[in-house]
Amino acid sequence: MAFRPLQHDSGKITSLPLVASAAIVKGNALVDSSGYYTNAAAGENTDIHYVALATVTASATDGATFVQAIRTKGVTFEADTLADTVRTQVGTDVDLGAAGNLDTSATTDGIFHIENIVGALS
């Protein structure tokens with residue numbers, strides 16, 4: 001799982017309608033797409049409000065399939081990265097590398113704040 005919630009309060013879990021044929025993986029960051037939800041893209045420059053809590057493949061109809069998700073506001077996450085992290089990245093703001101990881105070398109949008117480094121990628 002790419003984004004793993006480390007702590008959260010009750011009331012943060014919700015059910016979101018998906019866009020047609022979306023392939024959602026547990027831990028992926030989700031974004032709104034015309035009232036339905038789908039995987040966030042690399043370099044997504046909007047706030048990430050939800051993370052998927054299940055792997056789901058949506059039907060061919062918008063909104064016919066739902067995924068359980070956790071609201072990101074007020075939740076600390078442990079996240080995968082595209083490359084090994086270094087201690088000097090603590091305190092920096094980085095971008096989304098793809099729906100399931102962070103690009104610590106990209107800081108244009110600064111959507112995620114690095115609070116701590118857990119370990120090497122490999």
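Two strands are said to pair if DSSP finds at least two bridges between them, and the strands themselves are DSSP runs (E, at least two residues), numbered from the N terminus. The model shown here is predicted, so local features need pLDDT of at least 70 and side-chain atom pairs count only at pLDDT 80 or more, while totals for chains, interfaces and linings use all residues. Residues are numbered from 1 along each chain as its sequence is written, and side-chain values use heavy atoms, with hydrogens and water left out.

We can begin with the sheet. Five strands form an open sheet with antiparallel pairing, in the order β2-β8-β6-β4-β5. At its edges lie β2 (13-17) and β5 (36-39), each of which pairs on one side only. Strands of a sheet pair through backbone hydrogen bonds, either parallel or antiparallel. Here β2 and β8 pair in the antiparallel sense over five bridges, and Leu16 stands opposite Val67 in β8. Strand β8 (residues 66-71) is also joined by three bridges to strand β6 (residues 50-52), which runs antiparallel to it, and Val51 stands opposite Ile70 in β8.

The structure holds three aromatic pairs, where rings of Phe, Tyr and Trp (its six-membered ring) pair if their centres lie within 6.5 Å, and planes under 30 degrees apart count as stacked, over 60 as edge-to-face and the rest as tilted. The rings of Phe3 and Phe77 have centres 6.4 Å apart and planes at 85 degrees, so this pair is edge-to-face. Because Phe3 lies in strand β1 (residues 3-7) and Phe77 in strand β9 (residues 76-79), the pair ties together parts that are 74 residues apart in sequence. Phe3, Phe77 and Phe112 form one aromatic cluster.

Key. Helix = DSSP H or I, 4+ residues; strand = E, 2+ residues; numbered from the N terminus.
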